[in-house]
Amino acid sequence: MNAPLPPLAGPTVRTLPPGGFHAPKIVARDVNVYYGPKHALKDVGIDIPEKSVTAFIGPSGCGKSTFLRCLNRMNDTIPIARVVGLMQIDGLDIYDPSLDVVQLRARVGMVFQKPNPFPKSIYENVAYGPRIHGIARSKAELDEIVVTSLQKAGLYNEVKDRLGDPGTGLSGGQQQRLCIARAIAVSPEVILMDEPCSALDPIATAKIEELIDELRHNFTIVIVTHSMQQAARVSQKTAFFHLGNLVEEGPTDMIFTNPKETRTQDYITGRFG
Amino acid sequence: MPEHIVVAYDDELRDLAGRIAEMGGLAERLVEQAVSALTRVDTGLAQRVILEDQRMDALQRAIEERAISIIARRQPMARDLREVVGAIRVSNDLERVGDLAKNIAKRVIAIEGHYHPKRLAFGVEHLSTLALEQMKQVIDAYTQKDLQAAEDVRNRDDEVDAIYTSLFRELLTYMMEDPRNITFCTHLLFCAKNIERIGDHATNIAETIHYLVTGIQITDDRPKQDDTSLTPIDFTPPTK
């Protein structure tokens, strides 16, 4: 039904693990992004394997968040942004004009840097998505979705007695897990995380990392992080961006012990000038 | 390679490499002195070797502590990580080399006063020259991170093994020739084995250098030339 994908090309250095990655959930080829005259992403091509964690690393302004936001068309909200190139999820063109963006974002959920619960109760925060997407047919079903989502996000035991309390009253780490529960309540296939732990303390960070490790058995996760140690801990595949280029991608073990590209080596060892 | 953004990090890595070089120099000297004490049966020199080995141990502990501290505080990545892990491995090998030199020195004290014709020790001296050359080259290869030099050292280890095997046979014939040689030759045999092991440690260090530079562990087995453990000797008692 689809034309065969063009092979991964360009200057990116690529390493495959001995057994290969999982089958790709998302593929990108020759993706270029412009913010007005600024060329923010240059010929990026990558396969994002399903049911595993892919980490994007790189200095500020390297394009990693831009690329992440392309995956569920969050850049549509920026008037001057222009995205060119091929991006598919399960063979479906993400930038097909006839595609329903709301449906796409139900499949590709997102968690942001700062926890941003709605100013509503904990219950309503999680129930909101299923309700607007018409996922639950009854109150009982909706209750069930809220509980399992909170359980999957590792938050249920902490909030089960106060589901009516405002979500904004939780601690930072709990709020972030609430946002993850909200994201998984609509049963997405992919979860995008844009620096999900940068506003959290180490304990809350460890809980989110533990959660990510569990979620990857059911979801495809893409995470942008400034913490190299975090990328090394949670991901199976790592991609290094620099100045809008995807410089190197490969198995996380390889990237952090024996990267092939000098720029990758310099960045992860703290030598960037 | 460019410097780190944090200058103190570079200083710490340099300090680590400097200490390894110091340990390497000391290891070479201890082996040299131990063998020289053996050939001359110089117990004074042997005592000094035994004492100096303590400095080796102290240096090794210091390197390990510093390496652990770097890992804890800086979370080294990629080549930095390999360098720190390499320093721990190399210092372990060098510490063992110091122990082997000390063991030779102890044997010098044990054989003093026994029957010890000097010519019997020529073979051991020759073996030690070769092993010392290996040590020296591998330490140089480490300081310069010279992959080729490390590879050469690794390939030359079978020479050490081959000489050790022939020395093993030679010492056994001396023992058969004259039972008075047995005590001295047995000690020489252990000394020879110690020196052969020093060669093995040089090979280990060469392999660490390979990992440090390339990020790839060497897996293929080297051809083994030491087959003394498979060497039978027929003994016919002398008839009078």
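Predicted model: local features only at pLDDT ≥ 70, side-chain atom pairs only at ≥ 80, totals over all residues.
**View 1. The open sheet of chain A has four strands.** Here 4 strands of chain A line up in the order β3-β2-β5-β6, and their pairing is antiparallel. At the edges stand β3 (38-49) and β6 (92-93) of chain A, each with a single partner strand, so one side of each is left without a neighbour in the sheet.

**View 2. Strands β2 and β3 of chain A run side by side.** How many bridges join strand β2 of chain A to β3(A)? There are 8, and β2, which covers residues 24-35, runs antiparallel to β3(A).

View 3. T66(A) belongs to helix α1 of chain A, residues 64-70. Is T66(A) buried or exposed? With 24 other C-beta atoms within 10 Å, T66(A) is buried, because 20 or more such atoms make a residue buried.

**View 4. D43(A) has a positive phi.** D43(A) lies in strand β3 of chain A. Its phi is near 45 degrees, a positive value in a residue other than glycine. That is worth a look, because most residues other than glycine have a negative phi. D43(A) is partly exposed, as 17 other C-beta atoms lie within 10 Å.

View 5. Helix α4 of chain A takes in residues 139-152. At 1.5 Å a residue, its 14 residues should span 20 Å, and its end C-alpha atoms are 20 Å apart, which agrees. Which residues of α4(A) are buried? They are I145(A), V146(A), S149(A) and L150(A). Looking down the axis of α4(A), you will find these buried residues within an arc of 125 degrees, so they line one face of the helix. The face turned away from that buried side carries the exposed residues A140(A) and E141(A).

View 6. The packing partners of the buried residues of α4(A) are α3 (122-132), α5 (156-159) and α6 (172-184) of chain A. After α4(A) comes G154(A), whose phi is positive, near 65 degrees.

**View 7. R263(A) lies in helix α10 of chain A.** This helix covers residues 262-268. R263(A) is partly exposed, with 18 other C-beta atoms within 10 Å. Which residues does R263(A) touch, not counting residues up to four places away in sequence? They are H242(A) and V247(A). By contrast, 28 Å separates the C-alpha atoms of R263(A) and T220(A), which are 43 residues apart along the chain.

View 8. Chain B has 6 helices and 0 strands, and along its sequence the pattern reads α-α-α-α-α-α. Taken along the principal axes, its C-alpha atoms fill a box of roughly 80 × 40 × 25 Å. Of its 240 residues, 39% count as buried. Among contacts in chain B between residues at least 6 apart in sequence, 84% join residues at least 24 apart.

**View 9. A78(B) has a positive phi in helix α3 of chain B.** Zooming in on this helix, look for A78(B). Its phi is positive, about 45 degrees, although A78(B) is not a glycine. A78(B) is buried, with 21 other C-beta atoms within 10 Å.

**View 10. Chains A and B meet.** The contact takes 14 residues from chain A and 13 residues from chain B. On the side of chain B that touches chain A, the largest share, 4 residues, comes from helix α3 (residues 78-111) of chain B. The residues on this side of chain B divide into 7 nonpolar, 3 polar and 3 charged.

Key: Residues numbered from 1 in each chain as written. Chains lettered and ligands numbered in written order. Contact = placed C-beta atoms within 7 Å. Helix = DSSP H or I, 4+ residues; strand = E, 2+ residues; numbered from the N terminus. Nonpolar A, V, L, I, M, F, W, Y, C, P; charged D, E, K, R; others polar. Buried ≥ 20, exposed ≤ 12 C-beta atoms within 10 Å, placed from the backbone. Pairing = 2+ DSSP bridges. Expected span 1.5 Å × (residues − 1). Arc of directions from axis to C-beta.
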